[in-house]
Amino acid sequence: MKPHFQVFDTTGDVGINVFGNNLKEIFEQAAIGLFSFFTDLESIEENIIKTVSIDAESYENLLIKWLNELIFLFDVEGFIGKRVKINNLNEKSLTAKIMGDLFDEKKHSQGILIKAATYHKLKLEKKNKVWSASILFDI
Amino acid sequence: MNIRRLDKYRIEIPIGYVEGMRVPGIIYIDEVLEKYLEEDAIRQVANVATLPGIVKASYAMPDIHTGYGFAIGGVAAFALDQGVVSPGGVGYDINCGVRLVRTNLVKDEVIPKIRTLVEVLSFEIPSGVGSKGKLKLSKEDERQLMIKGAKWAVENGYGEVDDLMHTESGGCLEGADPSLISEKAYERGRAQQGTLGSGNHFLEIQYVEEVYDKKSADALGLFPEQITVMIHTGSRGFGHQICTDFIEIMAKAVKKYDIFLPDRELVCAPINSEEARQYISAMKAAANYAWANRQCIMHWTREAFMKVFEISPRDLGMRLIYDVAHNIAKVEEHVVDGKKMKLMVHRKGATRAFPPGHPELPEIYKNIGQPVLIPGDMGRASYVLLGTKEGMEESFGSTCHGAGRVLSRHQAIKKAKGRSIRKEMEEIGIIVKSAGRETLAEEMSEAYKDINNVVEVVANAKISKKVAKLRPIGVVKG
């Protein structure tokens, strides 16, 4: 199966369903899904490489902290990733490389602002060899 | 256990609807709006009723919809000795709120220049995803800003002392401790002071379409056809980061203090714990950040009007009517079962609405009650209400905060396909400008409940009183 994500929305907010063959793919696709809200990713070039490390207490906790770190990077630096490579991943930590560029109003369309990734109805599970996750964002 | 209609404007969620409820749930809603009431939102009102120390009832306003843990539109009060404080009961956008500004101008003077005015305002006030503010704050500036709130803005030349007197809590909650704020929140806050944000945040030029209570309108300085400006925004990334930080801290506190939760977004800590003390202090810093934000935006709005109309500040007469928070937790005194009690009142998508005579009101509003500002969607209307004695006794002096969505973003975008929302708005006399690629579709009128219905419920339930209706003619969106 090709790892992928689908956007869904509830009355007030937005979310993504993510599918992959392993947890690394889930974390990668969740990040791309998040970045896709900020702007059209087709317009983003891979000019900058960012390294991110996260510590957490569980995989679910790690997933939310990872996404909140990416929201922070966008909010402070305007960084938007186009490609993500998770290098190390275990229940307590991850390290990742993200290839992308800085947001520029002149080059990139303005999408929606995400305040945070939430634990609301969070799902992370493996069924019939397929991993999936469901994450809701506050907008 | 079934939901029971108490009267035309209230339904009750009885104890037992979910396991562990300590008090019932009360939702202010009529049969028209009940059609939109989501099962998840009802459950959330019931879940809040299970939290330790909650008193009287878990309330929700007619603009209710599903949120994280607490429903949007929720009001819950907790006893200080046994209760909890929960970041989810305040929301990610701490002190998201509304400010209403009056002018001496009337509709006919402004309409010929409305396009220019909207252009100038959208240029002067940064908005939309990825936009940065004009203020470059040092770390020390940020510290001062979180301690002083709107007062910081006024001290730095963004507005007048008089503005502070017309802001809830004077635009500053005392007790914000900058040393408790994470480095991440400092960083997110640095470039976003003085920005509108996106989504449902806006700056609107409106006129007074209808006055329901002339005496109160006079006291507020409002008259028919008069131009007003409404600003809706909050604490931006600074507040979002504080909420994110404390959701993690509170998740640990829940384990430490062994609190049973039906939903993990309800994470909280006993009010007298160290975790709660830190959250409350950080929340105050974010509330102050938001008040400074709305103050700075109002200042640039004043300048934009002076430029476009080539008018002196005196002739413009731009004065703050009121600024009110709708995402906040505060310690307030209320009467419960005939006894005066200090309570931690959480309002998440609900507005404080104190009655006439309340000691926290500015002197000029003592006789009429607290002004309450209720924004509707960009195509319909907004309202000015007042707090009432009945609301104080019943809903901890709280009322609704807006229209509440009925369509999701995608549903709205689908509905707007092939249409130009900008043109449709122009046809009904509203000039809109937005930064985001899909904001106008997401924010179109059909995406929201009719504000008129929402306001009818709170007015008929007597938890607030109608003063005036405002109609938009120019809208700046993120």
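1. The largest cavity is lined by 50 residues, and those nearest its centre are A:Lys115, A:Ile139, B:His65, B:Asn200 and B:His401. Its volume is about 810 Å³, and the search that found it gives a count of four cavities of 30 Å³ or more. The model is a predicted one, in which local features need pLDDT of at least 70 and side-chain atom pairs count only at pLDDT 80 or more, while totals for chains, interfaces and linings use all residues. Residues are numbered from 1 along each chain as its sequence is written, chains are lettered from A and ligands numbered from 1 in the order in which they are written, and side-chain values use heavy atoms, with hydrogens and water left out.

2. On a 1 Å grid over the protein atoms alone, a cavity is a set of points where a 1.4 Å probe fits but cannot get out, a pocket is an open set with protein on both sides within 12 Å along at least five of seven lines, and lining residues have an atom within 4 Å of a point. Grid points are joined across faces, edges and corners, and a volume is the space filled by probe spheres set on the points.

3. The lining of the largest cavity divides into 15 nonpolar, 22 polar and 13 charged residues, where Ala, Val, Leu, Ile, Met, Phe, Trp, Tyr, Cys and Pro count as nonpolar, Asp, Glu, Lys and Arg as charged, and the others, Gly among them, as polar. Helix 10 and helix 16 (439-442) of chain B each supply at least two residues of this lining, and the largest share, four residues, comes from helix 10 of chain B. Helices (H or I, at least four residues) and strands (E, at least two) are DSSP runs, numbered from the N terminus.

4. The second largest cavity has a volume of about 60 Å³. Residues of both chains line this cavity, among them A:Phe74, A:Asp75 and A:Leu113 together with B:Lys132, B:Gln192 and B:Arg236, and by class its lining has three nonpolar, four polar and three charged residues.

5. The largest pocket holds about 340 Å³ of space. Of the 16 residues that line this pocket, the closest to its centre are A:Asn61, B:Glu248, B:Ala251, B:Lys255 and B:Arg264. Helix 2 of chain A and helix 10 (236-256) of chain B are the elements that give two or more residues to the lining, and helix 10 of chain B gives the most, with eight residues. By class, the lining of the largest pocket has seven nonpolar, two polar and seven charged residues.

6. Between the two chains, 43 residues of chain A are in contact (heavy atoms within 4.5 Å) with 44 residues of chain B. The area buried between chain A and chain B is about 3400 Å², of which carbon and sulfur atoms give 50%; buried area is the accessible area (1.4 Å probe) that two parts lose on being put together, summed over both. A:Thr11, A:Gln110 and A:Tyr119 supply 21% of the area that chain A buries against chain B, more than any other three residues.

7. Five salt bridges are counted between chain A and chain B, a salt bridge being a side-chain nitrogen of Lys or Arg within 4 Å of a carboxyl oxygen of Asp or Glu. In one salt bridge the side chains of A:Lys121 and B:Asp40 meet (2.5 Å, N to O). The place of A:Lys121 is in the loop between strand 6 and strand 7 (123-127) of chain A, and the phi of A:Lys121 is near 55 degrees, a positive value in a residue other than glycine. Most residues other than glycine have a negative phi.

8. B:Ser169 likewise deserves a look, with a phi near 55 degrees, a positive value in a residue other than glycine; B:Ser169 lies in the loop between helix 7 (161-165) and helix 8 (183-190) of chain B.

9. Over all chains, a search of the whole structure finds 46 salt bridges. The side chains of B:Glu274 and B:Arg277 meet in a salt bridge (2.8 Å, N to O), and both residues lie in helix 11 (residues 274-309) of chain B, three residues apart, about one turn of the helix.
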